[in-house]
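These are my notebook entries on one structure.

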Amino acid sequence: MDLTDRRILQTVQRNARITFRELSERMGISIPSVQKRLVSMERAGIIQGYTAHISLAALGGSFVLIHGRSRAGFAIDAMDVLGGHEAVSTVLCGSQNHLYVGAFLKKIDHLDAVVTFVKEAGQVPEPEALIFNTSSDITCVRNPRDEDPDASELTDLDHRIIQALHENARRPLAEVAADVGVSAKTASIRLDRMTAKGMIEYHVAALPHLHASEVLLTVRIRPDADRRKIVGMMRDDPDCFVDEDVTFSNAPNMVLFTLEVENMDQLYRLLNRVIRFDGVEGIYHDVLLHQKYYSTWRDRLLTERARPAAARASR
């Protein structure tokens, strides 16, 4: 992966339905070049798929990260066990036998039960639970709006449209319309409405660590520090490519960066600079070894709601 590939992937992760023409204009390369690069990333397994879901905010849920060092002999062996929980959407394993578990909670009250599950199934004696701020620059849950959307406003047609995009969020609108039995214009209007109201989310399952060194960098900052300035300095740093910067509602003095470096020398130089940023109290880094994605209760809920009303009533 070169810098252009990374920029294309980053852009698609934030808007899975962006057109090839829009990507071409943003990247400053031809449409065939954009298509070739996306197909190459798909064939290499860097892009695993493009999915659509009812937004977590519309469902009243929360996205959390539960992490900690595992006592398992080889933490990667615990990933599929962890992924068997209905709330777990992704599991990452770092080079320090450290597990990072992303989970969609139906209600925040379910947090303790999921933490206990991770503690036991992942052999993580001291797990830490972090609640994502939805305004963070994260690719799978994004809702920077002042008001939360409401899934009760979704119609049967809306559910069927989301389901038609569920396994391939980049499907042409004409195909989606044909699947749900409406005109392309009607499908477009409904999709635009759901997007504007934050009731639909897209996710690009990606594994860039297969072709680059991906690092999880936790930066702890002073309460009086300028967090935006620190994030800006990270994104401007020549020795890394920042994919995500994440903040947490229950840990306001922490920023978690997902970034890529070309080699360990770049990482060394980066860490030496970051620890000296004004306002930074400490850093912790981990090199990502493996990541897997899993289906959750959100997938099953969408399938159920997209079924014809008569079929649901007969159950």
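**Entry 1: terms and ground rules**

I began with a definition: the expected span of a helix is 1.5 Å times one less than its number of residues. I took helices (H or I, at least four residues) and strands (E, at least two) as DSSP runs, numbered from the N terminus. The model is predicted, so I kept in mind that local features need pLDDT of at least 70 and side-chain atom pairs count only at pLDDT 80 or more, while totals for chains, interfaces and linings use all residues. Residues are numbered from 1 along each chain as its sequence is written, and side-chain values use heavy atoms, with hydrogens and water left out.

**Entry 2: helix 3**

I checked the span of helix 3. With 13 residues at 1.5 Å a residue, helix 3 should span 18 Å, and its end C-alpha atoms are 18 Å apart, which agrees.

Next I asked which residues of helix 3 are buried. Buried means under 20% relative accessible area, exposed means over 50%, and partly exposed is in between (1.4 Å probe, protein chains only). The buried ones in helix 3 are V34, L38 and M41. Viewed down the axis of helix 3, these buried residues fall within an arc of 65 degrees, so they line one face of the helix. The arc is that of the directions from the helix axis to the C-beta atoms.

The face of helix 3 turned away from its buried side carries P32, K36 and R43, which are exposed. I then looked for what covers the buried residues of helix 3, and found that the cover includes helix 1, helix 2 and strand 1 (47–54). Contact here means heavy atoms within 4.5 Å. After helix 3 comes G45, with a positive phi near 85 degrees.

**Entry 3: helix 2**

I repeated the search on helix 2 (residues 20–27), where L23, S24 and M27 are buried. Seen down the axis of helix 2, its buried residues fall within an arc of 100 degrees, so they line one face of the helix. R21, E25 and R26 are exposed on the other side of helix 2. The cover over the buried residues of helix 2 includes helix 1 (3–14) and helix 3 (31–43). G28 follows helix 2 and has a positive phi, near 75 degrees.

**Entry 4: loop residues**

I kept a general rule at hand: most residues other than glycine have a negative phi. N97 is not a glycine, yet it has a positive phi of about 60 degrees. N97 sits in the loop between strand 3 (88–94) and strand 4 (98–105). Is N97 buried or exposed? At 17% relative accessibility, N97 counts as buried.

Q123 is another residue other than glycine with a positive phi, near 55 degrees. I found Q123 in the loop between helix 5 and strand 5, and at 41% relative accessibility it counts as partly exposed.

P125 also lies in the loop between helix 5 (111–121) and strand 5 (128–131). Its relative accessible area is 31%, so P125 is partly exposed. Leaving out residues up to four places away in sequence, P125 touches R69, R71 and K119.

T296 is in the loop between strand 10 (280–293) and helix 11 (297–306). At 2% relative accessibility, T296 counts as buried. Not counting residues up to four places away in sequence, T296 touches E86, A87, V88, S89 and F104.

On a 1 Å grid over the protein atoms alone, a cavity is a set of points where a 1.4 Å probe fits but cannot get out; a pocket is an open set with protein on both sides within 12 Å along at least five of seven lines; lining residues have an atom within 4 Å of a point. Grid points are joined across faces, edges and corners, and a volume is the space filled by probe spheres set on the points.

How many cavities of 30 Å³ or more does the structure hold? It holds 1. About 40 Å³ of space lies in the largest cavity. Helix 1 gives the most to the lining of the largest cavity, with 4 residues.

The largest pocket has a volume of about 800 Å³. Its lining has 42 residues, of which S89, T90, H203, Q291 and Y293 lie nearest its centre. Strand 1 supplies the largest share of that lining, 5 residues.
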